[in-house]
Amino acid sequence: MASSRVINLTSGDRVLFPEDGISKGDLFEYYRAAGPTLVPHLQDRPFTMKRYPHGIHGEVFFQKQAPRGIPDWIATRQFTTHPREGGSRLVDFPLLNSVEAVLWMVQMNCVDMNAWYSRVDKPHRPDFVLFDLDPPDEPDGFEQAIEVAHLIRALLDELELPGYVKTSGADGIHVVAPITRRSTFEETYAFAEAASRLLERRHDGLVTTEWLKKKRRGVLVDHRQNGWGKTIASVYSVRPKPGAPVSTPLRWEELTSDVRPRDFTMAVALERIERHGDLFAPVLEEPRPLAAARRKLEGLE
(Lines give C-alpha, C1' and ligand atoms only; values in the text may rest on other atoms or scores of the structure.)
Protein backbone atom coordinates (compact mmCIF):
# COMPACT_ATOMS: atom_id res chain seq x y z
CA MET A 1 0.00 0.00 0.00
CA ALA A 2 2.79 2.42 0.89
CA SER A 3 4.24 2.30 -2.65
CA SER A 4 0.86 3.16 -4.20
CA ARG A 5 0.78 6.28 -2.04
CA VAL A 6 3.91 7.87 -3.47
CA ILE A 7 3.00 11.34 -4.68
CA ASN A 8 4.80 12.33 -7.87
CA LEU A 9 5.26 16.07 -7.69
CA THR A 10 5.12 17.80 -11.04
CA SER A 11 6.17 21.40 -11.80
CA GLY A 12 7.99 21.50 -8.46
CA ASP A 13 10.01 24.51 -9.60
CA ARG A 14 6.88 26.56 -10.40
CA VAL A 15 7.08 29.72 -8.29
CA LEU A 16 3.87 30.20 -6.30
CA PHE A 17 5.05 33.15 -4.18
CA PRO A 18 6.73 35.50 -6.67
CA GLU A 19 7.97 38.08 -4.12
CA ASP A 20 9.87 35.36 -2.29
CA GLY A 21 10.75 32.82 -4.97
CA ILE A 22 8.94 30.11 -2.99
CA SER A 23 8.06 27.20 -5.26
CA LYS A 24 5.53 24.43 -5.33
CA GLY A 25 8.38 22.10 -4.36
CA ASP A 26 9.16 24.23 -1.29
CA LEU A 27 5.51 24.03 -0.25
CA PHE A 28 5.53 20.26 -0.81
CA GLU A 29 8.57 19.82 1.44
CA TYR A 30 7.03 21.97 4.17
CA TYR A 31 3.85 19.89 4.22
CA ARG A 32 5.85 16.68 4.12
CA ALA A 33 7.65 17.80 7.31
CA ALA A 34 4.63 19.38 9.04
CA GLY A 35 2.19 16.71 7.88
CA PRO A 36 2.33 14.38 10.90
CA THR A 37 1.44 17.32 13.17
CA LEU A 38 -1.12 18.78 10.78
CA VAL A 39 -3.09 15.66 9.82
CA PRO A 40 -4.78 15.09 13.22
CA HIS A 41 -6.36 18.55 12.83
CA LEU A 42 -7.73 17.61 9.39
CA GLN A 43 -8.69 14.02 10.21
CA ASP A 44 -12.22 13.10 9.07
CA ARG A 45 -13.14 16.71 8.30
CA PRO A 46 -14.71 17.49 4.90
CA PHE A 47 -12.10 19.42 2.94
CA THR A 48 -12.51 22.25 0.42
CA MET A 49 -9.85 22.59 -2.24
CA LYS A 50 -8.66 26.14 -2.91
CA ARG A 51 -6.41 25.88 -5.95
CA TYR A 52 -3.75 28.33 -7.16
CA PRO A 53 -2.48 26.94 -10.47
CA HIS A 54 -0.79 30.22 -11.38
CA GLY A 55 0.57 31.25 -7.99
CA ILE A 56 -0.93 33.29 -5.19
CA HIS A 57 -1.63 36.33 -7.37
CA GLY A 58 -3.22 34.34 -10.20
CA GLU A 59 -6.72 33.03 -10.59
CA VAL A 60 -7.89 30.96 -7.64
CA PHE A 61 -10.79 28.56 -7.71
CA PHE A 62 -12.65 26.66 -5.03
CA GLN A 63 -13.57 23.03 -5.48
CA LYS A 64 -15.65 21.10 -2.97
CA GLN A 65 -16.34 18.05 -5.14
CA ALA A 66 -13.47 15.55 -5.11
CA PRO A 67 -11.99 15.78 -8.61
CA ARG A 68 -11.80 12.99 -11.12
CA GLY A 69 -8.56 11.11 -10.75
CA ILE A 70 -8.38 11.49 -6.98
CA PRO A 71 -6.53 8.43 -5.61
CA ASP A 72 -8.84 5.71 -4.33
CA TRP A 73 -7.04 5.73 -0.98
CA ILE A 74 -8.25 9.31 -0.28
CA ALA A 75 -11.64 8.72 1.32
CA THR A 76 -14.62 10.90 0.47
CA ARG A 77 -17.93 11.54 2.19
CA GLN A 78 -21.07 12.88 0.58
CA PHE A 79 -23.04 15.81 1.97
CA THR A 80 -25.79 18.03 0.62
CA THR A 81 -24.65 21.62 0.12
CA HIS A 82 -26.65 24.74 -0.67
CA PRO A 83 -24.84 26.96 -3.18
CA ARG A 84 -25.31 30.72 -3.01
CA GLU A 85 -27.09 30.70 -6.35
CA GLY A 86 -29.80 28.55 -4.79
CA GLY A 87 -30.92 24.95 -4.81
CA SER A 88 -28.92 22.08 -3.40
CA ARG A 89 -26.36 19.61 -4.65
CA LEU A 90 -24.68 16.46 -3.43
CA VAL A 91 -20.94 16.87 -2.99
CA ASP A 92 -18.30 14.20 -2.37
CA PHE A 93 -15.84 15.92 -0.05
CA PRO A 94 -12.29 14.56 0.23
CA LEU A 95 -10.93 13.70 3.69
CA LEU A 96 -7.26 14.36 4.38
CA ASN A 97 -6.44 11.51 6.74
CA SER A 98 -2.80 11.00 5.78
CA VAL A 99 0.29 13.04 4.99
CA GLU A 100 0.13 11.67 1.45
CA ALA A 101 -3.39 13.04 1.04
CA VAL A 102 -2.13 16.48 2.05
CA LEU A 103 0.75 16.18 -0.43
CA TRP A 104 -1.67 15.19 -3.19
CA MET A 105 -3.56 18.43 -2.51
CA VAL A 106 -0.30 20.37 -2.86
CA GLN A 107 0.22 18.59 -6.19
CA MET A 108 -3.25 19.94 -7.09
CA ASN A 109 -1.92 23.45 -6.32
CA CYS A 110 -3.64 23.87 -2.95
CA VAL A 111 -1.71 26.28 -0.72
CA ASP A 112 -3.79 26.34 2.47
CA MET A 113 -5.73 23.48 4.02
CA ASN A 114 -9.38 24.43 4.59
CA ALA A 115 -11.62 22.01 6.48
CA TRP A 116 -14.90 21.93 8.39
CA TYR A 117 -15.26 22.60 12.13
CA SER A 118 -16.98 19.22 12.51
CA ARG A 119 -16.14 15.64 11.59
CA VAL A 120 -18.02 13.22 9.37
CA ASP A 121 -19.38 11.04 12.18
CA LYS A 122 -21.17 14.05 13.73
CA PRO A 123 -21.29 16.64 10.96
CA HIS A 124 -23.76 18.90 12.79
CA ARG A 125 -21.73 18.93 16.04
CA PRO A 126 -18.73 21.27 15.90
CA ASP A 127 -15.53 20.60 17.80
CA PHE A 128 -14.89 24.21 18.75
CA VAL A 129 -16.15 27.77 18.90
CA LEU A 130 -14.14 30.16 16.74
CA PHE A 131 -13.49 33.82 17.48
CA ASP A 132 -12.15 35.25 14.22
CA LEU A 133 -10.47 38.63 14.74
CA ASP A 134 -10.23 41.02 11.80
CA PRO A 135 -8.08 44.06 12.62
CA PRO A 136 -8.85 47.52 11.26
CA ASP A 137 -6.81 49.00 8.40
CA GLU A 138 -4.75 51.17 10.70
CA PRO A 139 -1.01 51.21 11.46
CA ASP A 140 -1.62 49.66 14.89
CA GLY A 141 -4.51 47.46 13.73
CA PHE A 142 -2.81 44.16 14.49
CA GLU A 143 -1.73 45.41 17.93
CA GLN A 144 -5.39 46.14 18.62
CA ALA A 145 -6.28 42.60 17.52
CA ILE A 146 -3.69 41.22 19.95
CA GLU A 147 -5.28 43.25 22.76
CA VAL A 148 -8.73 41.93 21.84
CA ALA A 149 -7.47 38.33 21.69
CA HIS A 150 -6.34 38.68 25.30
CA LEU A 151 -9.76 40.13 26.22
CA ILE A 152 -11.42 37.08 24.66
CA ARG A 153 -9.11 34.81 26.61
CA ALA A 154 -10.00 36.63 29.85
CA LEU A 155 -13.72 36.28 29.14
CA LEU A 156 -13.33 32.58 28.32
CA ASP A 157 -11.42 32.17 31.59
CA GLU A 158 -14.40 33.77 33.38
CA LEU A 159 -16.58 31.14 31.72
CA GLU A 160 -14.13 28.31 32.51
CA LEU A 161 -13.83 27.53 28.81
CA PRO A 162 -10.13 27.53 27.85
CA GLY A 163 -9.17 29.30 24.64
CA TYR A 164 -6.18 28.67 22.39
CA VAL A 165 -4.69 31.21 20.02
CA LYS A 166 -3.10 31.06 16.59
CA THR A 167 -2.23 33.56 13.94
CA SER A 168 -4.62 33.15 11.03
CA GLY A 169 -1.54 33.40 8.85
CA ALA A 170 -3.35 36.03 6.78
CA ASP A 171 -4.22 39.30 8.52
CA GLY A 172 -5.99 38.25 11.69
CA ILE A 173 -6.02 36.09 14.79
CA HIS A 174 -8.04 32.98 15.63
CA VAL A 175 -9.04 32.14 19.19
CA VAL A 176 -10.40 28.60 19.41
CA ALA A 177 -12.37 27.17 22.34
CA PRO A 178 -12.62 23.35 22.07
CA ILE A 179 -15.99 21.93 23.08
CA THR A 180 -17.52 18.50 23.50
CA ARG A 181 -19.53 17.44 20.47
CA ARG A 182 -22.94 17.89 22.04
CA SER A 183 -23.70 21.42 20.86
CA THR A 184 -25.14 22.41 17.50
CA PHE A 185 -23.79 25.04 15.14
CA GLU A 186 -26.78 27.21 16.08
CA GLU A 187 -25.65 27.03 19.71
CA THR A 188 -22.00 27.81 18.97
CA TYR A 189 -23.08 30.71 16.74
CA ALA A 190 -25.34 32.10 19.47
CA PHE A 191 -22.62 31.70 22.10
CA ALA A 192 -19.97 33.42 19.96
CA GLU A 193 -22.40 36.22 19.14
CA ALA A 194 -23.37 36.81 22.78
CA ALA A 195 -19.73 36.75 23.92
CA SER A 196 -18.68 39.12 21.12
CA ARG A 197 -21.49 41.57 21.85
CA LEU A 198 -20.66 41.52 25.57
CA LEU A 199 -17.04 42.43 24.74
CA GLU A 200 -18.31 45.13 22.38
CA ARG A 201 -20.32 46.67 25.23
CA ARG A 202 -17.41 46.37 27.66
CA HIS A 203 -14.84 47.79 25.22
CA ASP A 204 -16.69 50.16 22.92
CA GLY A 205 -14.43 51.45 20.16
CA LEU A 206 -11.93 48.61 20.52
CA VAL A 207 -14.22 45.62 19.88
CA THR A 208 -16.95 45.62 17.25
CA THR A 209 -19.40 43.14 15.76
CA GLU A 210 -20.24 45.52 12.90
CA TRP A 211 -19.99 43.71 9.58
CA LEU A 212 -19.86 46.81 7.32
CA LYS A 213 -16.31 48.14 7.22
CA LYS A 214 -17.37 51.76 6.75
CA LYS A 215 -19.35 51.61 10.02
CA ARG A 216 -16.72 49.68 11.95
CA ARG A 217 -14.70 51.06 14.87
CA GLY A 218 -12.05 48.74 16.24
CA VAL A 219 -11.40 45.02 15.78
CA LEU A 220 -14.17 42.93 14.27
CA VAL A 221 -14.87 39.79 16.31
CA ASP A 222 -16.65 37.82 13.62
CA HIS A 223 -19.05 35.35 15.22
CA ARG A 224 -20.60 34.67 11.80
CA GLN A 225 -17.82 32.23 11.02
CA ASN A 226 -19.51 29.69 13.32
CA GLY A 227 -21.83 27.99 10.89
CA TRP A 228 -22.44 24.58 9.39
CA GLY A 229 -20.26 23.96 6.34
CA LYS A 230 -17.93 26.88 7.08
CA THR A 231 -14.24 26.16 6.72
CA ILE A 232 -11.20 27.39 8.57
CA ALA A 233 -7.61 27.45 7.39
CA SER A 234 -6.21 24.78 9.64
CA VAL A 235 -3.46 25.34 12.13
CA TYR A 236 -0.11 24.81 10.34
CA SER A 237 -1.60 25.89 6.99
CA VAL A 238 0.55 28.01 4.73
CA ARG A 239 -1.45 31.03 3.61
CA PRO A 240 -1.44 32.59 0.12
CA LYS A 241 0.27 35.80 1.23
CA PRO A 242 3.75 37.19 0.51
CA GLY A 243 6.32 35.41 2.65
CA ALA A 244 4.21 32.22 2.79
CA PRO A 245 3.19 32.80 6.42
CA VAL A 246 1.87 29.85 8.39
CA SER A 247 -1.18 29.78 10.68
CA THR A 248 0.84 29.20 13.83
CA PRO A 249 -0.29 28.33 17.36
CA LEU A 250 1.17 30.43 20.16
CA ARG A 251 1.36 30.26 23.90
CA TRP A 252 -0.63 33.14 25.31
CA GLU A 253 2.45 34.71 26.84
CA GLU A 254 4.03 34.77 23.37
CA LEU A 255 1.21 36.93 21.99
CA THR A 256 2.91 40.24 22.73
CA SER A 257 2.23 43.56 21.01
CA ASP A 258 5.16 43.16 18.62
CA VAL A 259 3.97 39.85 17.09
CA ARG A 260 3.10 39.97 13.38
CA PRO A 261 1.65 37.21 11.17
CA ARG A 262 4.54 37.41 8.73
CA ASP A 263 6.96 36.43 11.53
CA PHE A 264 5.85 32.82 11.19
CA THR A 265 7.38 31.45 8.02
CA MET A 266 7.45 27.78 7.05
CA ALA A 267 10.93 27.44 8.56
CA VAL A 268 9.81 29.09 11.81
CA ALA A 269 6.69 26.91 12.02
CA LEU A 270 8.75 23.73 11.60
CA GLU A 271 11.28 24.89 14.18
CA ARG A 272 8.45 25.58 16.63
CA ILE A 273 6.96 22.12 16.07
CA GLU A 274 10.39 20.65 16.78
CA ARG A 275 10.79 22.76 19.93
CA HIS A 276 7.25 22.79 21.38
CA GLY A 277 5.46 19.87 19.76
CA ASP A 278 1.84 20.61 18.85
CA LEU A 279 0.66 23.58 20.90
CA PHE A 280 -2.84 22.98 19.51
CA ALA A 281 -3.02 19.38 20.73
CA PRO A 282 -5.39 20.44 23.59
CA VAL A 283 -7.90 21.61 20.96
CA LEU A 284 -8.23 17.94 19.99
CA GLU A 285 -7.73 16.38 23.39
CA GLU A 286 -9.33 18.64 26.03
CA PRO A 287 -12.85 19.71 24.99
CA ARG A 288 -15.20 21.28 27.53
CA PRO A 289 -19.01 21.29 27.57
CA LEU A 290 -20.40 24.48 26.08
CA ALA A 291 -23.65 24.40 28.09
CA ALA A 292 -22.03 25.35 31.40
CA ALA A 293 -20.11 28.23 29.80
CA ARG A 294 -23.28 29.42 28.07
CA ARG A 295 -25.13 29.57 31.38
CA LYS A 296 -22.27 31.54 32.96
CA LEU A 297 -22.27 33.92 30.00
CA GLU A 298 -26.01 34.55 30.40
CA GLY A 299 -25.30 35.53 34.01
CA LEU A 300 -22.82 38.20 32.86
CA GLU A 301 -25.09 39.91 30.37
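These legends go with several close-up views of one predicted model. Local features need pLDDT of at least 70 and side-chain atom pairs count only at pLDDT 80 or more, while totals for chains, interfaces and linings use all residues. Residues are numbered from 1 along each chain as its sequence is written, and side-chain values use heavy atoms, with hydrogens and water left out.

**View 1. Helix H1 against helix H2.** H1 covers residues 24-42 and H2 residues 99-107; helices here are DSSP runs of H or I with at least four residues, strands are E runs with at least two, and both are numbered from the N terminus. The two helices pack at about 140°, axes 8 Å apart, where axes are lines fitted to C-alpha atoms over the stretch in contact and angles run from 0 to 180 degrees between N-to-C directions. That makes H1 and H2 oblique to each other (under 35 degrees is roughly parallel, over 145 roughly antiparallel, 65 to 115 roughly perpendicular, the rest oblique). Their crossing is right-handed; that is, the near helix is turned clockwise from the far one by less than a right angle, anticlockwise being left-handed. On the H1 side, the contact (heavy atoms within 4.5 Å) includes Leu27, Phe28, Tyr31 and Leu38, and on the H2 side Val99, Val102, Leu103 and Val106 are among the partners. Sorted by class, this contact has 11 nonpolar, 2 polar and 2 charged residues (nonpolar is Ala, Val, Leu, Ile, Met, Phe, Trp, Tyr, Cys and Pro; charged is Asp, Glu, Lys and Arg; the others, Gly among them, are polar).

View 2. Among the buried ones are Trp104, Met105 and Gln107. Their cover includes H1, strand S3 (47-51) and S6.

**View 3. Helix H1 against helix H5.** The axes of H1 and H5 (residues 266-276) come within 10 Å and cross at roughly 20°, so the two are roughly parallel to each other. This crossing is left-handed. Asp26, Leu27, Tyr30, Ala33, Ala34 and Thr37 of H1 meet Met266, Ala269, Leu270 and Ile273 of H5.

**View 4. Aromatic rings.** The count comes to 7 aromatic pairs (Phe, Tyr and six-membered Trp rings with centres within 6.5 Å; planes under 30 degrees apart are stacked, over 60 edge-to-face, the rest tilted). Phe93 and Trp116 sit edge-to-face, 5.2 Å centre to centre with 65° between the planes. Phe93 is in strand S6 (residues 89-94) and Trp116 in strand S7 (residues 114-116), so the pair ties together parts 23 residues apart in sequence. Both Phe93 and Trp116 are buried. Tyr117 and Phe128 are stacked, at 4.9 Å and 25°. Ring pairs also link Phe79, Phe93, Trp116 and Trp228 into a cluster.

**View 5. Pro261 in its loop.** Pro261 lies between strand S14 (249-250) and H5, and counts as buried at 7% relative accessibility. Leaving out residues up to four places away in sequence, Pro261 touches Phe142, Gly169, Ala170 and Pro245.

Technical notes:
Buried means under 20% relative accessible area, exposed over 50%, partly exposed in between (1.4 Å probe, protein chains only).
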